[in-house]
Amino acid sequence: MNFGFFGIQFSFGLQQSNMSAIYKYLGANEADIPMLWLAGPVTGLIVQPIIGALSDGTWSPKFGRRKPFFLIGAVLASIALLIMPYSTTIWMAASLLWILDAGNNIAMEPYRAFVSDKLNKKQHSLGFLMQSFFTGLGTTLANFTPAILISLGFFLASDRMANGIPVSTYWAFFIGSFASIATILYSVLTTKEFPPTQEELNALKLDKERGNILTRVWIDIVDAFKNMPLTMKQLIPVKFFTWYAMFCYWQYLTSSLSLSLFGTLDETSEGFSQAQVLTGQVNGTYNIICFVVAFALVPLAYKIGAKGVHFVSLLLGGIGLLSIPFLGVDNILFSVTNPFGSGQIEIASIYLFTIGLGVAWASMLAMPYQLLAGSIPKEKTGVYMGIFNMFIVIPMIIQIVTMQYFVYDLLGQNPINVLNLAGVFLVLAAIFTLFIKVGPKNLIVK
């Protein structure tokens, strides 16, 4: 059921590790990068509530309720991934990112509702953590793909296309295009949706009498806002600080590593190229941690609840990000045998922060949805999941605007300070988690 999430997150992983570098290869200035990331949050803000409301009111005996949206999103995302490395200008890359994010959001929102549709409340925790597992796995492979291709000798790190983008990046996006459509197709072809009861079918017919599809979608979204559960409202500050922090991390990690480890922000330098590869490796590592610990969080959630798990996880993530300036590539922790050839691979201390961030990432992708799923009416799952995504994308939009015009200058135009701010914000998100009042519907039941 959740295998298609692998392809969606492979796509997101490619964005997280490569878009800032792609923009810089095409001539973007450091201060312009936040605004160029605007595509993701804006498309999420617009697309997900609408798609959620549409899928709630959709049923086809042949195609189902959620699955048509999976396919449409996967096709759009695959096309954008395939063309992205051929970008010749910043605005071509930015435009393709809008299409890519629209496709990913069209596919992803119904996937959240899909879990609630098919699983009973006792299984919600496992269902959402399974999505965390595939998120970690997909993003890990997306981040490591360029490094693996280079390690296997297919390309050199210095091999570039005519537009300056590394050849290994092109092949990573090509692989991502295939993964996006193939995994969604697997889920669609192997997983059946439960048909609505006669009572639900009657309700759908009755619903159509309220007006045309746009009117119905608008009414559903407004009604959901008016009747928002208390738990959902209390999650707003948690989500704000969490996703403001993660956008800071994704945007400025490559530049931070390039500056702190190699002393340069010049995108034409060897140090910056090494930092881009290292970005993929550390992002891949925290996602390995994510899919390894995803299932371990299930029994822990049974013991201390989703709220307790999320508090501890975010705290560990914040500590991890705050520790980055004190870590390095020269301090070797241990060596392992190279699985792709002879010799040893030395593991540097820079990878230590990925432990805390990986645990936090696994929790971010599951525990808030576990808390939410137990507090919303089943027939409105899609629209509420779509609105809940607004608590992710609005902080991202705020981050882009404030970072572009205020915060980056306030932080001395130093990308390392941006990552420090991200660490502080994850700690604040953990503190706000403690204020969530969990009712009986939100308890995790064995």
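This is a short talk about one protein chain, from its overall make-up down to single residues.

Hi everyone. A word on ground rules before the tour. The model is predicted, so to speak of local features we need a pLDDT of at least 70, and side-chain atom pairs count only at pLDDT 80 or more, while totals for chains, interfaces and linings use all residues. Residues are numbered from 1 along each chain as its sequence is written, and side-chain values use heavy atoms, with hydrogens and water left out.

How confident is the predictor? pLDDT is its confidence in each residue, from 0 to 100. The chain averages 81, and 86% of the residues score at least 70. Confidence is highest in helix 17, at 95, and lowest in strand 1 (residues 332-337), at a mean of 59. Over residues 440-446 the pLDDT is below 50, though this stretch has 18 contacts in the model beyond near neighbours in sequence. Contact here means heavy atoms within 4.5 Å.

Now the overall picture. The chain has 17 helices and two strands. These are DSSP runs, numbered from the N terminus: H or I with at least four residues for helices, E with at least two for strands. Of the 446 residues, 59% count as buried. Buried means under 20% relative accessible area, exposed means over 50%, and partly exposed is in between, using a 1.4 Å probe and protein chains only. Among contacts between residues at least 6 apart in sequence, 81% join residues at least 24 apart.

Let's go inside. A nonpolar core is a set of buried Ala, Val, Leu, Ile, Met, Phe, Trp, Tyr and Cys residues joined through side-chain atoms within 4.5 Å. The largest one here has 124 residues, and those with the most contacts inside it are Tyr23, Met246, Tyr249, Trp250 and Trp361. A second, separate core has five residues, including Leu149, Phe155, Met161 and Val167.

What does tryptophan 250 contact, leaving aside its neighbours within four places in sequence? The partners are Gln16, Ser20, Trp37, Trp243, Tyr286, Trp361 and Met396. Several of those names come back when we look at rings. Rings of Phe, Tyr and Trp (its six-membered ring) pair if their centres lie within 6.5 Å; planes under 30 degrees apart are stacked, over 60 edge-to-face, and the rest tilted. Ring pairs link Trp37, Trp243, Phe247, Tyr249, Trp250, Tyr286, Phe353 and Trp361 into a cluster.

The structure holds 25 aromatic pairs. One of them joins phenylalanine 133 and phenylalanine 134, edge-to-face, at 5.2 Å centre to centre with 75° between the planes. Why does the pair of phenylalanine 241 and phenylalanine 432 count as stacked? Because the planes of these two rings are at 15°, with the centres 5.6 Å apart. Phenylalanine 241 sits in helix 11 (residues 236-262) and phenylalanine 432 in helix 17 (residues 415-433), so the pair ties together parts that are 191 residues apart in sequence. Phenylalanine 241 is buried at 15% relative accessibility, whereas phenylalanine 432, at 30%, is partly exposed.

Eleven of its twelve residues are buried, so helix 14 is largely enclosed by the rest of the structure. Helix 5 (residues 90-118) is also largely enclosed, because 24 of its 29 residues are buried.

Not counting residues up to four places away, glycine 317 touches Gly356, Leu357, Ala360 and Leu426. Gly356, Leu357 and Ala360 are among the buried residues of helix 14.

Finally, two loops. Isoleucine 165 is in the loop between helix 6 (124-151) and helix 7 (167-190). Is isoleucine 165 buried or exposed? At 0% relative accessibility, this residue counts as buried.

Most residues other than glycine have a negative phi. Glutamine 413, in the loop between helix 16 (381-410) and helix 17, has a positive phi of about 50°.

Terms used:
pLDDT is the predictor's confidence in each residue, from 0 to 100.
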